[in-house]
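Hi everyone, thanks for making time for this. I'd like to walk you through one structure, so let's get it up on the screen.

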Amino acid sequence: MKLSQLLASRSDLVRQATLANAAFAYTTFAAMDQRIQRGGLHGPVRFLGIDPAAERYTPQLVALAGSQAVLDEHFDEADLVKWSDALAYVSEEGTTEFEFRLEELMGRFSPALEDTLRRAGVQLDSAGLGNTEPNLR
């Protein structure tokens with residue numbers, strides 16, 4: 001491939017990357033929401049994303065009410081890394097701390113993602129919600 005061909009396809013590649021990131025964030029939130037619903041989890045939490053300036057190299061999900069042990073049973077470090085990536089995508093640059101109620105996760109973070117995907121003609125289905133490889137048609 002020539003450099004000129006790569007540059008000519010740049011806008012399409014950027015669009016595809018944006019849609020892929022939106023799909024990843026949406027399916028991550030949807031999968032976490034399913035686990036929250038199945039586990040009967042609720043209440044306020046603080047999500048602390050990776051922040052080397054704060055010497056925090058792994059994300060943390062902190063129960064502000066209820067049992068921390070219950071959260072730890074439902075979400076492992078790999079889950080929190082995916083969650084951190086999704087939150088970083090939908091937040092303002094530099095934001096690494098979030099407070100929300102678990103039961104409000106989808107309502108708070110997914111509407112703009114869903115709108116972006118639908119406007120691009122993506123049909124949302126539930127087949128890809130159990131993993132990070134969404135099955136979007």
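This is a predicted model: local features need pLDDT of at least 70, side-chain atom pairs count only at pLDDT 80 or more; totals for chains, interfaces and linings use all residues.

Do be careful with residues 130-137, though, where pLDDT stays under 50. For that stretch the model has 20 contacts beyond four places in sequence.

Let's stay with D51 for a moment. Is D51 buried or exposed? Its relative accessible area is 19%, and the cut-off for buried is under 20%, so D51 counts as buried. Leaving aside residues up to four places away in sequence, D51 touches R56 and T96. With R56 there is also a salt bridge, at 3.9 Å from N to O.

How many salt bridges does the structure hold? The count is seven. Let me show you two others.

One is between E99 and R46, with 2.4 Å between N and O. E99 belongs to strand β3, while R46 belongs to strand β1, residues 44-48, so this bridge ties together parts that are 53 residues apart in sequence. Both ends are partly exposed: E99 has a relative accessibility of 43%, and R46 has 29%.

The other is between D115 and R119, whose closest N and O atoms are 3.0 Å apart. Here both partners lie in helix α6, residues 111-119, and they are four residues apart, about one turn of the helix. D115 is partly exposed at 41%, whereas R119, at 63%, is exposed.

Now for the rings. In general, a pair of aromatic rings is described by the distance of the centres and the angle of the planes. To count as a pair, ring centres have to lie within 6.5 Å, and by this rule we get six aromatic pairs. Take F29 and F109: their ring centres are 5.5 Å apart and their planes meet at 25°. Planes under 30 degrees apart count as stacked, so this pair is stacked. F29 is in helix α2, residues 10-39, and F109 is in helix α5, residues 105-109, so the pair ties together parts that are 80 residues apart in sequence. Both are buried, with F29 at 0% relative accessibility and F109 at 9%.

W83 is buried at 0%, and F100 is buried at 5%.

What do the ring pairs link together? They join F29, F47, F75, W83, F98, F100 and F109 into a cluster.

Last stop, the surface. Which residues make the nonpolar patch? They are M1, L3, L6, L7 and L13, and the patch covers about 580 Å². Helix α1, residues 3-8, gives the most to it, with three residues. L6 is located in that helix, α1, and is partly exposed, with a relative accessible area of 40%. Not counting residues up to four places away in sequence, L6 touches M1 and L13. L13 itself is in helix α2 and, at 43%, is partly exposed.

So, to gather it up: we have a cluster of rings linked by ring pairs, seven salt bridges, and a nonpolar surface patch of about 580 Å². And if you zoom in on residues 130-137, please remember that pLDDT there is under 50.

Terms used. Residues are numbered from 1 along each chain as its sequence is written. Side-chain values use heavy atoms; hydrogens and water are left out. Rings of Phe, Tyr and Trp (its six-membered ring) pair if their centres lie within 6.5 Å; planes under 30 degrees apart count as stacked, over 60 as edge-to-face and the rest as tilted. Helices (H or I, at least four residues) and strands (E, at least two) are DSSP runs, numbered from the N terminus. Buried means under 20% relative accessible area, exposed over 50%, partly exposed in between (1.4 Å probe, protein chains only). Patches are made of residues with over 30% relative accessible area and no salt bridge: like charges are joined within 9 Å, nonpolar side chains (Val, Leu, Ile, Met, Phe, Trp, Tyr) within 5 Å. Accessible areas come from the Shrake-Rupley method with a 1.4 Å probe; for residues, only the protein chains shown count as cover. A salt bridge is a side-chain nitrogen of Lys or Arg within 4 Å of a carboxyl oxygen of Asp or Glu. pLDDT is the predictor's confidence in each residue, from 0 to 100. Contact means heavy atoms within 4.5 Å.
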